Amino acid sequence: MSKKPQDTHSHRNNTPHVAIVGGGAAGFFTALTVAELNPSAKVTIYEKGQKWLAKVKISGGGRCNVTHSCFDPKELSMRYPRGARELRAAFYRWQPQDTLDWFAERGVKIKREEDGRMFPVTDDSQTVIDCFLKTSQEAGVQRLKGVGLKSLEVLDGGGFEFERTDDQVDRADAVCIATGSLKASSLVRSLEGLSHTIEPLAPSLFAFNVADKRTHGLAGLSVQDAQVQVVGSGKPQTGPILLTHRGFSGPAILRLSAWEARALQEQNYHFEIAINWLKDMTENQVREQFNRLRKRSGKNNVHSKVFDALPRRLWERLVTVSGIGEDTRWAQLPKDQETTLINELIDGRYQVQGKTTNKDEFVTCGGVCRKEIDWRRMESKIVPGLHFAGECIDIDGITGGFNFQAAWTTGRIAGEAMAEASCD
Ligand SMILES: Cc1cc2nc3c(=O)[nH]c(=O)nc-3n(C[C@H](O)[C@H](O)[C@H](O)COP(=O)(O)OP(=O)(O)OC[C@H]3O[C@@H](n4cnc5c(N)ncnc54)[C@H](O)[C@@H]3O)c2cc1C
């Protein structure tokens, strides 16, 4: 590094300098925690982009799904395909109720929706952004927009020196990496140079591309309580499945994409899924129901809707693809066609050929290796004074507000540790 460091370093003016790299959810929460707990610290957020909190803005379809109404740390942690064990302990320190209280204290009211997701009552993500900008301004947090970090070096006598994208050089006593998804960059190379392991990245929370005559033309239909599984691996996911122009989406599909993110990447997103459109109904249960229909409603047409849970057009399609003629009545339904229909209902096999990004929420799994972090302080076990918060760590949750909750929790713990250290 050739340029002289900026005059922000504690060695010059004895004010501890805490550098936060990234002006997203985790970066702001970390910065605000340090400023709140140690008002004497100089806190700077470096954001390489031109906008603060850009992902918060577009999150939750522009409404920002801030957290989830799950207040038991153990249960909450089970919503994280990667990082559940570490986050469980962290949630005992900062969980959704703490997030709600924090926002309430700053005038942001949050409501719960039927499925447990929580949004600002304004239904506008700008409310969250305004809260962070106002709170950080009042707390005297320095915000540098359009200024990223290119590299990071550890100084011999303690502290850090880093090169900015505007070619200035700064110093800080403590640094928190809150850069979100850790794509290849000079900063990532610096972290690797400091002996940190970066777990390979893989997208999570995506929809499945399926071109199949059974669902062709049915886009927009949804089944509220279905079950889906990758054939030959993993556990099934239940919940709504949405039929789209490209294939399948909806909570059950997104959840499956999260839990199987790495395996599906390895298969280059070409794999087979099995769908039970009737959730967990078994072959025997469906057959019993069909037997009752034969006896009691033998004259009724099989194409007429049978299950409340299934949209009429999907039922008709599954009956048709099972080879059942338009005029077939329950009393005449041949056994082989009945068996085909039962298979379509409870074990429909579909070939997935590719993925589509979910517009409402997506994340990346992979990032800083969890084992290299002291989770009590969100601090590197390798480089004292170096902290991590948010999506840059190898953690990710399913949809529903869990990813932001992880950002608030890790940001809070990192902030507490940095505030304490800078008081010394
Ligand atoms: C479309 C969409 C919708 C979403 N909706 C939701 C939702 O409703 N609820 C939910 O829980 N989760 C949601 N998520 C996930 C959530 O947005 C992320 O988990 C969360 O933003 C992670 O926060 P973060 O601060 O770690 O990273 P980010 O929000 O990505 O912020 C990191 C910041 O660091 C900056 N940066 C990167 N490198 C550098 C550098 N070298 N120097 C300086 N700055 C740098 C980036 O420009 C960025 O602004 C959504 C994601 C997407 C993409």
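This is a predicted model: local features need pLDDT of at least 70, side-chain atom pairs count only at pLDDT 80 or more; totals for chains, interfaces and linings use all residues.
Local features need pLDDT of at least 70, side-chain atom pairs count only at pLDDT 80 or more, and totals for chains, interfaces and linings use all residues. Residues are numbered from 1 along each chain as its sequence is written, and side-chain values use heavy atoms, with hydrogens and water left out.

The average pLDDT (the predictor's confidence in each residue, from 0 to 100) is 95, and 97% of the residues score at least 70. Over residues 7-12 pLDDT stays under 50. For that stretch the model has 16 contacts (heavy atoms within 4.5 Å) beyond four places in sequence.

E4 pairs with E5 (residues 117-120) over 3 bridges; Met118 in E5 is the bridge partner of Arg112.

Around the ligand are 31 residues (a heavy atom within 4 Å), of which Ala26, Glu47, Asp360, Glu391 and Phe404 come nearest. The shell has 12 nonpolar, 12 polar and 7 charged residues, where Ala, Val, Leu, Ile, Met, Phe, Trp, Tyr, Cys and Pro count as nonpolar, Asp, Glu, Lys and Arg as charged, and the others, Gly among them, as polar. A polar backbone atom of Ala26 is 2.9 Å from an oxygen atom of the ligand.

Conventions
Two strands pair if DSSP finds at least two bridges between them. Helices (H or I, at least four residues) and strands (E, at least two) are DSSP runs, numbered from the N terminus. A polar contact is a pair of N or O atoms within 3.5 Å; within protein, one must be able to donate a hydrogen and the other to accept it, and residues adjacent in sequence count only if both atoms are side-chain atoms.
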